[in-house]
Structure formats: C-alpha cells, structure tokens
Amino acid sequence: MKNKILAIAATAGTAILGSSVFSAPAQALTQTQDVTINYTVPEILYLRTFQTVNMTLDTTLLGATLTPQGTGFVGKDYDPTSPTVTINTAGNADVTLDQTSPFGNLAAIQQNIPELYAVWSNSTGNVDVNLSSTPLTEAGGQTIGVNSITPTVDNFAAPGLDTPEVGGANLDLDLTGATVMGTYTGTITVDVSTP
C-alpha cells in the first residue's frame, strides 16, 4: 500500500510539474504610436570653377594657312590680287602688294571654354548664370578685348546636391590690339544665383 501511495504521489507530482512546464505563458502586452519628425534641409547653392584657365589661340581661327615651326607658326602666300609685278625701265612697279591682312576678322575671334563651372543647388526655382570678363593684358600693355562672354548652360532647373549642372563659356575676342606675342591675362567672373 505504501508503494501504491508513493507511485500515486510520484505520478501526481510529475503531472503537476509537467503541466506547469508545458502550459502557455501569459499574453504579452504591446502598444504602438507614430511620431512626427520634421527634418529641415536649407536651400544650398554651391559653385565650383577652375582657379586658372590656360588657353592657346587656335590658329585655324585666323583664316590663314599656318604651319607649326619650333614654338610658333609660319605662313606664306602670293599676292591674291596681283601675283605678278612688272617693273618698267624707270624703276616703277605697275602694281603694289595687297596689304589686306590674311588673318580675317581679328576683331571677332570665337573661342570656347568647354567646362568652366559646376553648380549644385536644391532650390525650388531655376539657377541663373552670368559671366563677365576684364580685358586680357600682356606685360607690355597690349590688350585683347572681350566683346562678349556667354554661358553655354544658363537658366536651368536646380539639379540637386548629387549630380551638378556643368557649363562652359563662349568668348568673342578682339585681337586687333594684340600686336605682340605673349601671354595675355584677365579675369572671368562667374556669378550664379537662385530666385
């Protein structure tokens, strides 16, 4: 009988212990709520340019056939209006050399700077680009006039802050005052603005 009671007690203990181990836990409580976040990004306008632009006159713009020689160029032709001159016995010529420049219109030489500025902006409006230039002057005081300078890309939608809008410049130069070789130096001002 004693063994029966112990067996019943052991079975009951195992049943009680087993039911407490394997019974489902109490339901956990949860709650959610949305929170508003206001993250302000200010208007940003960023300009990148070169510090210095070094250019060399493209001699093909001069309209004459020139051949490189050493550090310069040479050219030649026969008088376009009178290739033959006749000198009479008194020593007088029947024609004179044509003194028209072979170099075309030196007052309107067109040069291009392919890339001059990059602009990043997150403005809600367009970006305006204005370019201006001083005359270009060499050490002896000779000058190259800048008739006009215009941006190649202007009045564009703000591109954002990742990929910029890139533009260059078209220059209309007056070389009639550039009577000596050398380096002519001036300043281009790049002005970008948003509304």
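**Pockets and nonpolar core**

User: Which strand gives the most to the lining of the largest pocket?
Analyst: The model is predicted: local features need pLDDT of at least 70 and side-chain atom pairs 80 or more, while totals for chains, interfaces and linings use all residues. Numbering runs from 1 along each chain as its sequence is written, and side-chain values use heavy atoms, without hydrogens or water. A pocket is an open set of points on a 1 Å grid over the protein atoms alone, with protein on both sides within 12 Å along at least five of seven lines, and lining residues have an atom within 4 Å of a point. Among strands (DSSP E runs of at least two residues, numbered from the N terminus), the top contributor, with 3 residues, is β4.

User: How many charged residues are in the lining of the largest pocket?
Analyst: M55, T56, L57, G182 and Y184 are the closest to the centre among its 40 lining residues. Charged means Asp, Glu, Lys and Arg. The lining divides into 23 nonpolar and 17 polar residues, and the charged count is none.

User: How many charged residues line the second largest pocket?
Analyst: Of its 15 lining residues, K76, D77, T100, S101 and P102 are the closest to the centre. Besides 7 nonpolar and 4 polar residues, the charged count is 4.

Methods. On a 1 Å grid over the protein atoms alone, a cavity is a set of points where a 1.4 Å probe fits but cannot get out, and a pocket is an open set with protein on both sides within 12 Å along at least five of seven lines; lining residues have an atom within 4 Å of a point. Helices (H or I, at least four residues) and strands (E, at least two) are DSSP runs, numbered from the N terminus.
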